[in-house]
Amino acid sequence: MANIGPEVRKSGKNLIVKGAPACPAADETVPRILLSQAKRRPEKVAIIDLVSGKDITYRDLWSRVCALSNGLRRFGPSIERPIAILSENSVSHAVVTFAGMVLGTPVAPLSVAYSQFSDLGRIRSLFEQLTPGLVFAEDACVFGGSLSVAKEMGIPTVAARGAGAGHALSELEADPGRAPDLTDIDRDTIAKVLFTSGSTGAPKGVIVTHRMVCSNQAAMAAEWPFVEEEPPVIVDWLPWNHVYGGNLVMMCALRNGGTLVIDNGRPAPGPFKRTIDNLTAYRPTIHFGVPRGFDLLVPALEEDEKFARAYFSRLRRMFTAGAALPAATWDRYRALAARYANDDFVAHVAWGSTETSPVVTISPPDNTRPDNLGVPVRGCEIKMVPDDDKMELRLRGPMVTPGYWRNEKATAEAFDEEGFYRIGDAGRLLDGDPGKGILFDGRISENFKLVTGAWVRVNALRLATIDALRPAVLDAVICGHDRDAVGVLMFMNLTGCREIAGGPDAEISDLMRSEPLRAHLAGGLSRVGRGGGSSGRVTRGLILTDAPSQEDGEMTDKGYLNQRAALRKRAADVTRLFEDDGHPNVVLAA
């Protein structure tokens with residue numbers, strides 16, 4: 001059941017772009033999906049955990065979920081007392097997640113960055129907001145600090161391994177007890193509470209219902225009908241506390257009877273070697289990813305034909321979301337696909353948020369642009385509202401959250417008078433044709449004005465800057481609010497800098513004095529927006545000698561840069577960039 005073109009209508013000054021009708025309202029919830037697959041494919045491996053070396057079949061997954069749900073009853077978890085999860089992706093994490101859902105109890109996987117770092121004020125604040133009836137940790141030693149906070153607050157604790165928790169997970173799974181009763185769980189039951197990154201304030205708990213998850217998966221299956229006959233194989237590291245990994249990726253595998261391989265690699269220069277090995281060994285049929293991962297994947301594919309042939313051998317779909325993929329990376333990836341992929345391969349760009357469970361648009365099969373968010377999926381409506389010279393995008397459909405956990409004010413502010421969710425992004429129709437897709441036109445809240453009054457379009461300028469400075473720069477923070485010119489803080493790519501400067505063992509602190517590297521940066525900066533106005537040109541850059549901090553929120557769990565958090569942390573660097581031309585880290589455009 002492939003998607004069909006969107007409907008378009010005018011509503012005053014607004015434009016409404018509406019996807020095909022939602023898929024039939026099946027009585028689907030996450031537990032019923034798991035039960036169905038356990039009956040249909042009992043011996044099929046559902047999850048392979050490359051971190052622990054464990055795997056689990058659908059039959060055993062369902063059996064453990066049922067047993068644990070009985071063990072959890074002693075703690076009295078409920079809608080008002082969710083289960084908080086402190087864990088990397090793992091089989092145990094999945095079992096606890098689904099056991100909570102079987103009980104009709106929301107689960108709240110919390111960011112490992114909040115859970116592991118020494119500042120426990122964040123985790124305490126989240127516990128206070130969530131009021132969990134139970135806290136689960138994969139490893140009581142690794143998450144000992146957070147468990148101690150839970151104990152101080154009188155919250156029962158459970159761990160899969162390690163000493164220090166009140167109960168062992170194996171203890172709670174010991175008695176299979178009675179079969180679960182799923183009749184009280186419907187599509188409007190809360191399945192999860194997922195916390196936002198907090199980039200614009202304190203983290204908010206997004207309510208995620210079974211309707212949101214299941215309708216979104218049905219819409220994706222309509223886009224990809226092959227998953228019904230060919231259960232997907234997915235190799236993925238994206239964290240389950242985030243909607244992309246925890247809702248879209250995990251449930252794409254399990255809803256369609258496929259296998260999810262938990263990748264023990266990461267999109268970072270060292271751990272990414274493990275990702276390459278895993279992609280080679282398991283040869284995915286669908287590859288979900290974020291820009292930082294594809295930035296590392298593309299050179300590896302170009303350099304190793306054997307890896308490229310294995311990777312593309314049975315790949316049906318590539319799916320990128322979370323942030324815009326740089327044009328150079330997109331073009332190189334598509335060139336590789338043209339050489340190695342099968343005829344039915346399609347590369348997709350998609351768009352959404354934690355509040356939309358997550359997919360609201362997906363690019364058409366013939367799309368050639370990395371900034372094309374695509375067309376609305378089934379059941380989704382997009383309202384395009386004029387905002388100065390932009391069109392603000394607002395969303396409505398079964399995949400959209402009913403609101404924020406215990407936060408009526410934030411819920412009211414998030415929706416307009418017609419019930420459309422204000423996502424904060426802007427877009428414009430590609431060639432004026434809604435059937436071709438909507439082009440991303442930046443964040444409404446990230447853009448800023450120079451003192452001249454000219455608007456700086458942050459997202460587009462950031463991507464252009466990264467492209468111009470490759471391979472020396474991995475990421476960039478656009479600066480210049482209330483100044484007369486645009487500057488950029490540059491997170492450096494050590495490997496690329498060494499290639500340019502000819503110093504195979506040098507560190508960034510040494511390389512920044514290299515004339516070839518400084519000439520490369522100065523020339524690249526001068527090419528950004530050449531011939532345009534001041535708001536599109538970058539006049540200066542500052543070399544940063546460290547990496548974005550996950551603990552400070554600069555780098556999200558998915559591996560992309562949080563512009564707001566970086567500007568907050570690096571206010572002194574911004575001042576240095578604009579007020580100290582002689583500083584050794586400052587590079588002026590040629």
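The axis of a helix is a line fitted to its C-alpha atoms over the stretch in contact, and the angle between two helices runs from 0 to 180 degrees between their N-to-C directions. The views below show a predicted model.

**View 1. Packing of helix H12 against helix H13.** Helix H12 covers residues 305-312 and helix H13 covers residues 327-340. Their axes lie 10 Å apart and form an angle of about 80°. Angles of 65 to 115 degrees count as roughly perpendicular, and H12 is therefore roughly perpendicular to H13.

**View 2. Residues in the contact of H12 with H13.** On the H12 side, the contact involves Glu305, Ala308, Arg309, Tyr311 and Phe312. These residues meet Tyr333, Leu336, Ala337, Arg339 and Tyr340 in H13. Seven of the contact residues are nonpolar, three are charged and none is polar.

**View 3. An open sheet of four strands.** The strands follow the order S4-S3-S13-S12, and their pairing is mixed. Strand S4 (54-57) and strand S12 (233-236) stand at the edges. Each has a single partner strand, so one side of each is left without a neighbour in the sheet. From one strand to the next, the twist averages 10°.

**View 4. Pairing of strand S12 with strand S13.** Strands of a sheet pair through backbone hydrogen bonds, in either a parallel or an antiparallel manner. S12 and S13 (residues 259-262) run parallel and are joined by four bridges. Ile234 stands opposite Leu260 in S13.

**View 5. Helix H3 across the strands.** Helix H3 (residues 91-102) lies across strand S3 (45-49), S4 and S13. The helix runs at about 130° to S3.

Definitions and conventions. Residues numbered from 1 in each chain as written. Predicted model: local features only at pLDDT ≥ 70, side-chain atom pairs only at ≥ 80, totals over all residues. Heavy atoms only, no water. Helix = DSSP H or I, 4+ residues; strand = E, 2+ residues; numbered from the N terminus. Parallel < 35°, antiparallel > 145°, perpendicular 65-115°, else oblique. Contact = heavy atoms within 4.5 Å. Nonpolar A, V, L, I, M, F, W, Y, C, P; charged D, E, K, R; others polar. Pairing = 2+ DSSP bridges.
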